[in-house]
Amino acid sequence: MSVVSSEANPASKPIPRHRVLAKVKGGVPAAYKDVLTDGALLFLADLERRFGPTRKTLLEDRKLAQIRYDDGELPDFPPETAHVRKSHWEVAPIPDALQDRRVEITGPVDRKMMINALNSGAKMFMADFEDASSPTFVNMMDGQVNMQDYATGNLSFTDEARGKSYTLNDEIAKMIVRPRGWHLEEANITVDDQPMSASLVDFGLHLFHNGKKLAADGRGPFYYLPKMESYQEARLWNDVFNFSQAALGIPHGTIKATVLIETLPAAFQMDEILHELQHHMAGLNCGRWDYIFSYIKTLKNHKRFVLPDRAQVGMDRGFLKAYSLLLIQTCHRRRAHAMGGMAAQIPVKNDEAANAAAFEKVRADKKREADQGHDGTWVAHPDLVPVAMEVFDAEMPGKNQVLSQRQFPNITADSLLSPHTGTITEAGIRTNISVGIQYTAAWLCGRGAVPIHNLMEDAATAEISRSQIWQWIRHGATAIMADGSETTVTSALYRKIFDDELASLKAEMGDDAFVSGRFPEAAKLFTETATSADLPDFLTLPAYDILEA
């Protein structure tokens, strides 16, 4: 058995405790005996015991910060770290494998979808254990099996029902793994009879089995870190990286991470996050959908920050434009990469005009990103890889734009909070309800990336859907109805439209499919999280309780 206890890091202060393995509820399934090995479970236990308490403290700090925002304080640049923002420093050199990231494709850790993404022609593939995956234990552990097969060059899939085989091309995208966020736990793996941090499970299993293999040929290990809200949370990840590399015999600084700036508080701490992770830093990413959700959630008590329909909240203005420009400016000043956001459009079948319009939206969005100075972008579907690639090839002849000399406006705290203007419509309310219910139902059935209304929806867009409903009801927003009249958004109006949308879904699907598809549970959960007295932090937390019930 590999020795991976705390004593493997001689610089750390010993923590008296018994050497134990993390426990797997119901025992280790035969299918995952090569994932949940004794050595891996010992490593997970070490991670949880060392870093779990700090994680929980930082989650409590989030709650305290939210109380201050609810009471009237607004997010701002931390005064105690002004010296970090004003001083001259750069992140450690970024390896060759991460120099050209002009198009990245994202998706769940499903085996066939991973192969298609790796073969898509994109420069990078983000394998998402979080927003694009429903966290059933089978999904998460299958994902780890797939990660091992990728690392050893054995990733393939045979669809016996269709008689089709999937194998990797000679040239494939490089893999970046996105573990689940700090707020999530893995109920099926415990340490000292408490659920483990899902972040540490996903990261720990991947690094333990694959870190050295990937490092040996320059393929990694690379990670995307989601949903952080403070530089202290970035510091925790850096501590995890330092310990893990020492424990597993991986050279310091080998791990490289890209941080998703997808919470409003984190946008005010981008320099600090880069600084905390500077020896492991690859760049920052505009996680735009979660960022909209976080904006609503953080400023939920303030009427002046009410947003219009989701379709009207674009990256070309308001707080979204300010945050994307600040991200580019900050990253390039520190010689890190500034990644653009997701194009959620997917091909529209049997409608050439609609398909052309969708692709044109993607081109315009990607041209905006490239012109602003982003070093790459995201797409959700393989057919959009060449569209985005064409734009970035034309606008960015080099591998990246890190050394570009652009002039940026002064991004102030006020500009980072500036809400979008627009209208709230009956169609917007209906879309939020319909998308929210359909996505939640699919998530409860084990699917995390779901095509709805010609867009690839994930957990972030479901969060926007229910938080917008909550915000509009909370502040008595005015909605324009289908007949042109104006009315106040109330719980009664929500219930009426909700009943209409649910009846339409049921009629379209039929009673049996409606029930087996878990729509009744999804509808109940969506309503509870969209109309409660206080806005729940995450839809996925109560949903996970149902998933694991």
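**A walk through a predicted model**

Axes here are lines fitted to C-alpha atoms, for helices over the stretch in contact, and angles run from 0 to 180 degrees between N-to-C directions.

Before going on, a word on the background. This is a predicted model, where local features need pLDDT of at least 70 and side-chain atom pairs count only at pLDDT 80 or more, while totals for chains, interfaces and linings use all residues. Residues are numbered from 1 along each chain as its sequence is written, and side-chain values use heavy atoms, with hydrogens and water left out. Helices (H or I, at least four residues) and strands (E, at least two) are DSSP runs, numbered from the N terminus.

Back to our pair. Which residues make the contact? From α15 they are Ser465, Arg466, Ile469, Trp470 and Ile473, and from α18 they are Phe526, Thr529, Ala530 and Thr531. Contact means heavy atoms within 4.5 Å. By class, this contact of α15 with α18 has five nonpolar, three polar and one charged residues. For those classes, Ala, Val, Leu, Ile, Met, Phe, Trp, Tyr, Cys and Pro count as nonpolar, Asp, Glu, Lys and Arg as charged, and the others, Gly among them, as polar.

Now please turn to the sheet. It is open, with three strands in the order β1-β7-β8 and antiparallel pairing. The edges are β1 (23-24) and β8 (194-197), each of which pairs on one side only. Two strands pair if DSSP finds at least two bridges between them. In general, strands of a sheet pair through backbone hydrogen bonds, either parallel or antiparallel.

Take β7, residues 185-191, which pairs with β1 over two bridges. Here Val24 stands opposite Ile189, and the bridge partner of Lys23 is Thr190. With β8, strand β7 pairs over four bridges, again in the antiparallel sense. Val191 stands opposite Gln194, and Glu186 has Met196 as its bridge partner in β8. The hairpin of β7 and β8 has two residues between the strands, and Asp192 there takes a positive phi near 55°.

Is β7 mostly covered or uncovered? It is mostly covered, as five of its seven residues are buried; buried means under 20% relative accessible area, exposed over 50%, partly exposed in between (1.4 Å probe, protein chains only). Helix α1, residues 38-70, lies across β1, β7 and β8, running at about 115° to β7.

His183 sits between β6 (174-178) and β7, and it counts as buried because its relative accessibility is 10%. Leaving aside neighbours within four places in sequence, His183 is in contact with Arg55, Leu59, Arg62, Glu130, Lys227, Phe538, Thr540 and Leu541.

Another loop residue to look at is Pro78, between α1 and α2 (82-86). With a relative accessible area of 7%, Pro78 is buried. How far apart are Pro78 and Tyr231 in sequence and in space? They are 153 residues apart in sequence and 10.0 Å apart in space, C-alpha to C-alpha.

Finally, some backbone details. Most residues other than glycine have a negative phi, and most peptide bonds are trans. Gly220 and Pro221, however, are joined by a cis peptide bond, with omega about 0°. Pro221 lies in the loop between α5 (198-216) and β9 (222-225).

As for phi, Asn350 has a positive value near 65°. Asn350 is in the loop between β12 (337-343) and α11 (352-372), and it counts as exposed because its relative accessibility is 85%. Arg518 also has a positive phi, of about 65°, although it is not a glycine. Its loop runs between α17 (511-516) and α18, which brings us back to the helix we started with.
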